[in-house]
Amino acid sequence: MVWNSWSDFFAMGGYGLYVWGSFGVTAAVLAAEIWSVIARRRVLSQRMHDAANAELGEV
Amino acid sequence: MQFSKINWFKFAAPQRFYRLAGQIIPWCGALALVLTVIGLYVGLFLAPVDAQQGDSYRIIFIHVPSAWMSMVIYLAMAFWAAMGLIFNTRLGAMLATALAPSGALMTFIALWTGALWGKPTWGTWWVWDARLTSELVLLFLYIGFMSLHAAIDDPRRADRAAALLALIGAVNVPIIYFSVTWWNTLHQGASISFSKGATIATPMLLGMLVMALAFWAYAIAIALARLRVVILEREQHAQWARAELGTV
């Protein structure tokens with residue numbers, strides 16, 4: 001362990017903005033990517049359901 | 001034939017590969033999670049402070065893995081695009097389109113973390129240096145690939161046009177990789193080389209390699225997950241796809 005305290009850890013020797021700016025944005029980008037894939041499947045599923053329902057309605 | 005006990009082309013059928021991908025994703029996803037926890041622990045808690053750069057160097061634990069993946073994913077995308085082009089397989093083209101957004105995001109992360117690392121170490125967010133510029137070109141190649149594919153209505157024609165772009169753009173990957181040796185750049189040379197081995201301390205190297213493996217596992221999981229959606233989108237009129245979407 002190289003840190004004396006949590007505030008020490010978050011300060012990153014004065015480079016906190018750069019280090020956490022890097023890790024934070026990376027985490028946000030990857031989370032957004034996972035969400036986008038889930039949303040894309042949900043949109044497709046919804047569209048297929050709507051199309052199937054429309055077909056049923058016409059008959 | 002002696003060596004073809006496993007019929008690899010069996011998996012070239014989108015429906016089969018859809019199931020196979022579904023089995024691989026949870027393992028790769030779990031592996032990515034475990035490796036990330038280990039890698040971050042080594043990188044942020046065990047690795048000592050750098051004598052020259054202080055704690056700012058810890059950006060390396062995501063910068064280098066994302067930069068590697070930005071190139072690896074591009075090569076994989078170009079390879080599968082070429083397979084789609086040469087063998088006329090739909091799955092190859094679908095894989096290429098599934099890889100492109102992940103590659104673009106990895107490139108963005110590499111550039112973003114690079115800027116945040118450049119500011120404290122070089123005193124600037126950005127320079128038009130060979131390494132940085134060729135990496136930016138990589139981002140534009142990914143965006144170009146996705147835009148071109150989206151701009152053509154017929155998916156098979158879109159596949160072919162985008163594949164051509166991906167193949168031509170592959171020239172940029174060795175340019176990125178060797179830019180630090182070919183030109184006199186502000187960007188430092190490789191920390192790990194095939195001829196000289198590693199030039200950084202052991203816990204730093206270990207953290208970086210574990211994070212690189214974590215990024216590999218993540219990239220495989222997310223690309224396969226996106227591929228499954230791409231397959232469903234393209235096969236949406238097939239009976240099995242409709243069953244999978246619950247619309248039969």
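Because the model is predicted, local features are described only where pLDDT is at least 70, side-chain atom pairs count only at pLDDT 80 or more, and totals for chains, interfaces and linings use all residues. Residues are numbered from 1 along each chain as its sequence is written, while chains are lettered from A and ligands numbered from 1 in the order in which they are written.

**Confidence and overall layout**

The pLDDT is the predictor's confidence in each residue, on a scale from 0 to 100, and in chain B its mean is 91, with 92% of the residues reaching 70 or more. Within chain B, confidence is lowest in strand S2 (residues 197–198), at a mean of 67, and highest in helix H4 (residues 130–151), at 97. For the complex, the predictor gives an ipTM of 0.91 and a pTM of 0.91.

Chain B holds eight helices and two strands, where helices (H or I, at least four residues) and strands (E, at least two) are DSSP runs, numbered from the N terminus. Read from the N terminus on, these elements follow the order α-α-α-α-α-α-β-β-α-α. The C-alpha trace of chain B spans about 60 × 40 × 35 Å along its principal axes.

Helix H2 (residues 60–87) of chain B has 28 residues, which at 1.5 Å a residue should span 40 Å, and its end C-alpha atoms are 40 Å apart, which agrees; the expected span is 1.5 Å times one less than the number of residues. Just after H2(B), Asn88(B) takes a positive phi of about 55 degrees.

| Helix pair | Crossing angle | Axis distance |
|---|---|---|
| H2(B) and H3(B) | about 160 degrees | 7 Å apart |
| H2(B) and H5(B) | roughly 135 degrees | within 9 Å |
| H1(B) and H7(B) | roughly 155 degrees | within 7 Å |

Angles under 35 degrees count as roughly parallel, over 145 as roughly antiparallel, 65 to 115 as roughly perpendicular and the rest as oblique. H2(B) and H3(B) are therefore roughly antiparallel to each other, H2(B) is oblique to H5(B), and H1(B) is roughly antiparallel to H7(B).

A crossing is left-handed if the near helix is turned anticlockwise from the far one by less than a right angle, and right-handed if clockwise. The crossing of H2(B) and H3(B) is left-handed, as is that of H2(B) and H5(B), and H1(B) also passes H7(B) in a left-handed crossing.

Two residues are in contact if their C-beta atoms, placed from the backbone, lie within 7 Å. Among the residues of H2(B) that meet H5(B) are Met77(B), Ala78(B) and Leu85(B), and the residues they face in H5(B) include Asp159(B), Arg160(B) and Leu167(B). The contact of H2(B) with H5(B) divides into nine nonpolar, one polar and two charged residues, where Ala, Val, Leu, Ile, Met, Phe, Trp, Tyr, Cys and Pro count as nonpolar, Asp, Glu, Lys and Arg as charged, and the others, Gly among them, as polar.

**The contact with chain A**

The contact between the chains takes 31 residues from chain B and 24 residues from chain A. Helix H3 (90–122) and helix H7 (202–234) of chain B each supply at least two residues of the side that touches chain A, and the largest share of that side, 10 residues, comes from H3(B). By class, the side of chain B that touches chain A has 18 nonpolar, seven polar and six charged residues.

Terms used. Axes are lines fitted to C-alpha atoms, for helices over the stretch in contact, and angles run from 0 to 180 degrees between N-to-C directions.
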